[in-house]
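Subject: Structure for you to look at

Hello,

Here is the structure I promised. Please open it and keep it beside you as you read.

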Amino acid sequence: SAMVVADEKELIEQYLDLCILRYGNFEKSVTIDENLDPYDYKVPPMLVQPLVENAVQHAIRPQLSDGRQGRISVHFGLDGPSVCVKVVDNGDGFNPAEKSTKSHGLSIIEERLDLLSKKHGGDFSLSFRQLGDEHSPNGMEVSLILSLENDV
């Protein structure tokens, strides 16, 4: 039903290491804010992983195919009474308004977040921010907010 942040971090690092072996070397960083005890805070499983997979498939792999250096970072932190997970890549980005028509994975995550909000109360949400502009995209930041007010 939920896993501690430390275990989620370890799984993401292992996944990224496998991707490096499969697709080629890229920069990766998986960090936890010093204010967040990784053994005290829990996150619902299989919410962060699909976001990282999307970044690898749609940002990192195209970067590597074009001979450019790929970069991805995953950061777990606190945002008030919530865990905030940010997945940042240096890919070409996408228009957040068009994401729901192209990504079934993101739609499924949003449905799960809606169900978690209804079941537990609090804020369970996903937001997208293109880093750069439409003429010079240089990545995406996807933020996942997971409420801590109720036990997940």
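A residue counts as buried when its relative accessible area is under 20%, as exposed when it is over 50%, and as partly exposed in between (1.4 Å probe, protein chains only). By that rule, 39% of the 152 residues of the protein are buried.

Two notes on the source. This is a predicted model, where local features need pLDDT of at least 70, side-chain atom pairs count only at pLDDT 80 or more, and totals for chains, interfaces and linings use all residues. Residues are numbered from 1 along each chain as its sequence is written, and side-chain values use heavy atoms, with hydrogens and water left out.

**The overall picture**

The protein has four helices and seven strands. Both are DSSP runs, numbered from the N terminus: helices are H or I with at least four residues, strands are E with at least two. From the N terminus on, the order is β-α-β-β-α-β-β-α-α-β-β.

The protein exposes about 8,300 Å², and carbon and sulfur atoms supply 47% of that area. Areas come from the Shrake-Rupley method with a 1.4 Å probe; for residues, only the protein chains shown count as cover.

Contact means heavy atoms within 4.5 Å. Take the contacts in the protein with a separation of 6 or more: residues 24 or more positions apart account for 66% of them.

**Two packed helices**

Now look at α1 (residues 5-23) and α2 (residues 48-65). They pack at an angle of about 25 degrees, and their axes are 11 Å apart. The axes are lines fitted to C-alpha atoms, for helices over the stretch in contact, and angles run from 0 to 180 degrees between N-to-C directions. Angles under 35 degrees count as roughly parallel, over 145 as roughly antiparallel, 65 to 115 as roughly perpendicular and the rest as oblique. So α1 and α2 are roughly parallel to each other.

Which residues meet? From α1 come Glu8, Leu11, Ile12, Tyr15, Leu16, Cys19 and Tyr23. From α2 come Val48, Gln49, Val52, Glu53, Val56, Gln57, Arg61 and Leu64.

Gln49 lies in α2. Is Gln49 buried or exposed? Gln49 is buried, with a relative accessible area of 11%. Leaving out residues up to four places away in sequence, Gln49 touches Glu8, Leu11, Ile12 and Tyr15.

Ile20 lies in α1. The C-alpha atoms of Ile20 and Val56 are separated by 9.9 Å, and the two are 36 residues apart along the chain.

Best wishes
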